[in-house]
Amino acid sequence: MLEVIDSVIKEHVRRITSDGFHMRYLGYKIQNEVIPLITQEIRKEIINKIKESKYYSIIFDCTPDSSYQERMTIIVTYLKLSSNYVSIEESFLGFLNVDDATRKGLFDITIEELKSLGLEIADMYGQSYDNGANMKGKNTKGCIRDF
């Protein structure tokens, strides 16, 4: 109905209904290529904001996924600086596979991920872990103070 009054819609309907080849960017293959690119750009923006604010804190939470693979979420809290105000921002950065759920294993994964993100460990002012039983206790020497 709209093609009668809108030439752009008319051309679109003509292309869809013709038997010629149509290039559409809605297929799952294209989406599977675009999603990681968008994710990468969003992570870059978040990392830039964190670096701009300098200091940050991290929150890690481990839980098994549907295949019983232990996964650790990474959430970073930082200050969003503006000329008028300062606000607290919290950003989800992703999931990590955890093969070693001991505190040493979690520590190593944490350090490796912070380095890969380009975040300075010395600028971290707070840490929170939901796997508290793995991060304290008598079984291993404390790793957290090594931050």
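The exercises below work through a predicted model, each with a solution in steps.

Residues are numbered from 1 along each chain as its sequence is written, and side-chain values use heavy atoms, with hydrogens and water left out. Because the model is predicted, local features need pLDDT of at least 70 and side-chain atom pairs count only at pLDDT 80 or more, while totals for chains, interfaces and linings use all residues.

**Exercise 1. Determine which elements make up the protein and in what order they run.**

Begin with the definition: helices (H or I, at least four residues) and strands (E, at least two) are DSSP runs, numbered from the N terminus. By this count the protein has four helices and four strands. Reading from the N terminus on, the elements follow one another as α-α-β-β-β-α-β-α.

**Exercise 2. Work out how the four strands are arranged in the sheet.**

Two strands pair if DSSP finds at least two bridges between them. In general, strands of a sheet pair through backbone hydrogen bonds, either parallel or antiparallel.

Step one is the order: the four strands form an open sheet, β3-β2-β1-β4, with mixed pairing. The edge strands, each pairing on one side only, are β3 (86-97) and β4 (124-129). From one strand to the next the twist averages 20°, where axes are lines fitted to C-alpha atoms, for helices over the stretch in contact, and angles run from 0 to 180 degrees between N-to-C directions.

Step two takes the pairs in turn. Strand β2 (residues 70-81) is antiparallel to β3, with eleven bridges between them; here Met72 stands opposite Leu96 in β3, and Ile74 stands opposite Gly94 in β3. These two strands, β2 and β3, form a hairpin with four residues between them. The pairing of β1 with β2 is also antiparallel and has nine bridges, with Thr63 opposite Arg71 in β2 and Pro64 opposite Glu70 in β2. In the hairpin of β1 and β2 five residues lie between the strands, and Tyr68 there has a positive phi near 65°. Finally, β1 and β4 run parallel and are joined by five bridges, Ile59 having Ser128 in β4 as its bridge partner.

**Exercise 3. Find which strands the helices α2 and α3 meet, and check the span of α3.**

Helix α2 (residues 28-53) lies across β1 (56-64), β2 and β3, and runs at about 50° to β2. Helix α3 (residues 103-117) packs on the sheet, where it touches β1, β2, β3 and β4, and its direction makes about 130° with that of β1.

For the span, the expected value is 1.5 Å times one less than the number of residues. The 15 residues of α3 should therefore span 21 Å, and this agrees with the end C-alpha atoms, which are 21 Å apart. After α3 comes Gly118, whose phi is positive, near 80°.

**Exercise 4. Identify the central members of the largest nonpolar core and trace the contacts of Met72.**

A nonpolar core is a set of buried Ala, Val, Leu, Ile, Met, Phe, Trp, Tyr and Cys residues joined through side-chain atoms within 4.5 Å; buried means under 20% relative accessible area, exposed over 50%, and partly exposed in between (1.4 Å probe, protein chains only). The largest such core has 21 residues, of which Ile50, Tyr56, Ile58, Met72, Val76, Leu93 and Leu119 touch the most other members. At least two core residues come from each of α2, β1, β2, β3, α3 and β4.

For Met72, contact means heavy atoms within 4.5 Å. Leaving aside neighbours within four places in sequence, Met72 is in contact with residues including Phe60, Cys62, Phe95, Leu96, Leu106 and Ile109. Leu106 and Ile109 are among the buried residues of α3.

**Exercise 5. Classify the aromatic pair and say how exposed its rings' residues are.**

Rings of Phe, Tyr and Trp (its six-membered ring) pair if their centres lie within 6.5 Å; planes under 30 degrees apart count as stacked, over 60 as edge-to-face and the rest as tilted. A search of the whole structure gives one aromatic pair. The rings of Phe92 and Phe95 have centres 5.1 Å apart and planes at 65°, so this pair is edge-to-face. Phe92 is partly exposed, at 44% relative accessibility, and Phe95 is partly exposed, at 48%.
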